[in-house]
Each structure stands twice: as structure tokens, then as C-alpha cells.
Amino acid sequence: MSFFSLIHEPQKIKAHVDDNFAKAKLETRLSELFVSANQRQPIIFCIGTDRSTGDALGPLIGTQLSRLKLPQLHVYGTLDDPVHATNLQNTLQLIRESYHEPFIIAVDACLGRLDSIGCITLADGPLKPGAGVHKKLPEVGEAHMTGIVNVGGFMEFIVLQNTRLNLVWKMSENISSLIARSYLKTYHH
């Protein structure tokens, strides 16, 4: 592996919802991503549904960000208007028709290992929504954030529906705050 390929290797950062030091690293990386977007329209694309506690993470984050009315930050996927498996393709098409080369950060809940529950991840590259529940959906974003809400590997639909709302709410507050703070640090009038 050359030095050049090391520079361009995708980054992935993981922080537990209660680890302020690690969350500061997430915030710094998010700020870098917003700066790298340059003049491109930033969009936060929150995926999920309020019909499943674990899968409500995206719409909760979208709703919290929408209420902040951050200047020139567009948010898709709220409790009022969620983005999920049945409308994801159409929503992506609407974005492609409405914005010239938007910079999309996708946000979604996911399932993981037991010791990762409560962790927030931020990674370069597109999100593969629905992978945890074996759905084939289009990839989304140039970067993505996930909240690991429960354990994966067995009966994923039931696990998502039986996820504690307290954890999902706490993670949604943390992720929306991270996005808002990092965006406002880099926002240019």
C-alpha cells in the first residue's frame, strides 16, 4: 500500500453516546466533512420509520434538526415525513432533480455487536440502508452516520421493534447536536 492510498483511505470513527471525548472526535470529523463540501448544498438524509422503536432514530434526528432551522442545511426524513424503504428511491430522485451535486450525509439506525450498542459511527462513503434487515436498497450519501441501537444477527425486525426508546431518544439528541454544532462551526453566510 502506497502512502498516497493511506491518505485517501475511508475513515470510520466510533463513539459511545456517553463518551464525550470520543464524541468530540466525531464532531471534528463532521466539521471537516462540511468544509470539504465546499459550495455544494449540504443535505442530511435521515432514514427510518416511526413504526419501529429502533428504526425511529433517523426520523427523530431529522425532526430535531428541522426544528433548529439551520441556514441552508436541508433535512430529509422526519417524523412527519419519514424516508424509508418504500419511498427512498423517489426521495433520492427528488433530491437529484432539486440540487446540483448535493453533499449528502446519510443517517440511520443499525444493529451491531452487544458491546457496540449505544455507539455512534461516522464513516466516509455511502450508507447501505436496509442491509441489517436483508433489504436491497440504493446506497446513499458521501458519508454516513449510524446509531447502533440493538444487537444484530437474529430476527432483526423483532429486535428493532423491541429496542428501548430511551436509548434511541438519547442517541437522537446526541447525533442531532453533533450535526448542528459541526455545521454551525463551518457555516458561511
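This is a predicted model: local features need pLDDT of at least 70, side-chain atom pairs count only at pLDDT 80 or more; totals for chains, interfaces and linings use all residues.
Six strands form it, in the order S1-S5-S6-S4-S2-S3. The pairing within this sheet is mixed. Strand S1 (12-16) and strand S3 (74-76) stand at the edges. Each has a single partner strand, so one side of each is left without a neighbour in the sheet. Neighbouring strands are turned against each other by 20 degrees on average, direction ignored. Strands of a sheet pair through backbone hydrogen bonds, in either the parallel or the antiparallel sense.

Strand S4 spans residues 103-112. In the strand order, S4 stands between S6 and S2. Of its 10 residues, 9 are buried, so S4 is largely enclosed by the rest of the structure. On one side, S4 pairs with strand S2 (residues 42-46). These two strands run parallel and are joined by 5 bridges. Ile44 stands opposite Ile105 in S4. Cys46 has Val107 of S4 as its bridge partner. S4 also pairs with strand S6 (residues 143-151). That pairing is parallel as well and runs over 8 bridges. Here Val107 stands opposite Met145 in S6.

Helix H3 (residues 57-68) lies across S2, S3, S4 and S6. Its direction runs at about 140 degrees to S2. Helix H6 (residues 165-186) also packs on the sheet. H6 touches S2, S4, strand S5 (119-124) and S6. The direction of H6 makes about 165 degrees with that of S6.

Thr49 lies in the loop between S2 and H3. With a relative accessibility of 16%, Thr49 counts as buried, because the limit for that class is under 20%. Beyond its neighbours within four places in sequence, Thr49 is in contact with Asp55, Ala56 and Pro59. Phe154 sits in another loop, between S6 and helix H5 (156-161). Its relative accessibility is 62%, so Phe154 counts as exposed. Phe154 belongs to a nonpolar patch on the surface, together with Met155, Phe157 and Ile158. The accessible area of these residues together is about 440 Å². Glu97 is found in helix H4 (residues 88-98). At 60% relative accessibility, Glu97 is exposed. Glu97 and Ile61 are 36 residues apart in sequence. Their C-alpha atoms are 24 Å apart in space.

The structure holds 8 salt bridges. One of them joins the side chains of Lys170 and Asp18, with an N to O distance of 2.7 Å. This pair links distant parts of the chain, 152 residues apart. Lys170 lies in helix H6, and Asp18 in the loop between S1 and helix H2 (20-36). Lys170 is partly exposed, with a relative accessible area of 31%. Asp18 is partly exposed too, at 49%.

A further salt bridge connects Asp124 with Arg29. The closest N and O atoms are 2.8 Å apart. Asp124 lies in strand S5 and Arg29 in helix H2, so the pair ties together parts that are 95 residues apart in sequence. Asp124 is partly exposed, with a relative accessible area of 23%. Arg29, at 14% relative accessibility, counts as buried.

The side chains of Asp115 and Arg113 also meet in a salt bridge, at 3.0 Å from N to O. Both of these residues, Asp115 and Arg113, are exposed. Finally, Glu27, Arg181 and Lys185 are linked in a network of salt bridges.

Key
Residues are numbered from 1 along each chain as its sequence is written. Side-chain values use heavy atoms; hydrogens and water are left out. Buried means under 20% relative accessible area, exposed over 50%, partly exposed in between (1.4 Å probe, protein chains only). Helices (H or I, at least four residues) and strands (E, at least two) are DSSP runs, numbered from the N terminus. Two strands pair if DSSP finds at least two bridges between them. Axes are lines fitted to C-alpha atoms, for helices over the stretch in contact, and angles run from 0 to 180 degrees between N-to-C directions. Contact means heavy atoms within 4.5 Å. Patches are made of residues with over 30% relative accessible area and no salt bridge: like charges are joined within 9 Å, nonpolar side chains (Val, Leu, Ile, Met, Phe, Trp, Tyr) within 5 Å. Accessible areas come from the Shrake-Rupley method with a 1.4 Å probe; for residues, only the protein chains shown count as cover. A salt bridge is a side-chain nitrogen of Lys or Arg within 4 Å of a carboxyl oxygen of Asp or Glu.
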